[in-house]
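Please take a look at the chain below and its ligand. A short report follows.

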Amino acid sequence: MRLYPIILAGALVFAHSAQAAPSAAKGKEVFHRAGCYECHNYQGQGGVGPRLAPKPLPFEALKSYVRNANGNMPPYAPAVLTDDELADIYAYLQSVSAGPSADSIPAVKNLKPGPS
Ligand code: HEC
């Protein structure tokens, strides 16, 4: 049964990666539960806190900010918000789509001064 350890190792790797795969749906939930939305709005578009999405900061920068915030934002320790939950939040922020371009909105498109 030489294959057994290999199969077992494969199953462990699979189980681990399945658990750690960031989920935008979970992230949305955590973003609301942890109160991020109170200051950064429901889609991270900004409020009293700055805009976080679309195009969030690189993950490591966001994580370090959330862990060490010392301005008007409270720091979130791992006991309150785990690294996995932060990764989910990140997946959620990445999933937020950009707004429409000005050119795709008829009422706005014509506001640009024409050639004179
Ligand atoms: C009480 C309001 C408040 C809450 C709750 C809050 N933030 Fe913030 N956040 C801020 C403010 C205000 C700033 C701007 C810097 C400062 O004053 O701390 C900020 C800054 C940030 C930044 C840095 C943005 C940048 O571009 O520099 C990130 C990232 C961030 N918040 C993520 C989060 C996440 C994720 C959560 C939830 C886990 C959260 N915040 C909860 C108010 C809040």
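By class, how many residues of the shell around the ligand are nonpolar, polar and charged? The shell has 15 nonpolar residues, five polar ones and one charged one. This picture comes from a predicted model.

**The ligand shell.** In total, 21 residues surround the ligand. The closest are C36, C39, G49, G71 and M73. Two elements give two or more residues to this shell: α3 (36–40) and α4 (59–68). Of the elements, α3 gives the most, with four residues.

**The chain as a whole.** The secondary structure comes to six helices and zero strands. From the N terminus on, the order is α-α-α-α-α-α. The chain has 116 residues, and buried residues make up 15% of them. Take the contacts with a separation of 6 or more: 61% of these join residues 24 or more positions apart.

**A crossing of two helices.** The axes of α2 and α5 come within 7 Å of each other. They cross at roughly 105°. Angles of 65 to 115 degrees count as roughly perpendicular, so α2 is roughly perpendicular to α5. The table lists both sides of the contact.

| Helix | Helix residues | Residues making the contact |
|---|---|---|
| α2 | residues 24–33 | A24, K26, G27, K28, V30 and F31 |
| α5 | residues 83–95 | E85, D88, I89, Y90, A91, Y92 and S95 |

How do the residues of the contact of α2 with α5 divide by class? Seven are nonpolar, two are polar and four are charged.

Note on methods. Residues are numbered from 1 along each chain as its sequence is written. This is a predicted model: local features need pLDDT of at least 70, side-chain atom pairs count only at pLDDT 80 or more; totals for chains, interfaces and linings use all residues. A residue is near a molecule or strand if its C-beta atom, placed from the backbone, lies within 6 Å of it. Ala, Val, Leu, Ile, Met, Phe, Trp, Tyr, Cys and Pro count as nonpolar, Asp, Glu, Lys and Arg as charged, and the others, Gly among them, as polar. Axes are lines fitted to C-alpha atoms, for helices over the stretch in contact, and angles run from 0 to 180 degrees between N-to-C directions. Angles under 35 degrees count as roughly parallel, over 145 as roughly antiparallel, 65 to 115 as roughly perpendicular and the rest as oblique. Two residues are in contact if their C-beta atoms, placed from the backbone, lie within 7 Å. A residue is buried if 20 or more other C-beta atoms lie within 10 Å of its own, exposed if 12 or fewer, and partly exposed in between; C-beta atoms are placed from the backbone.
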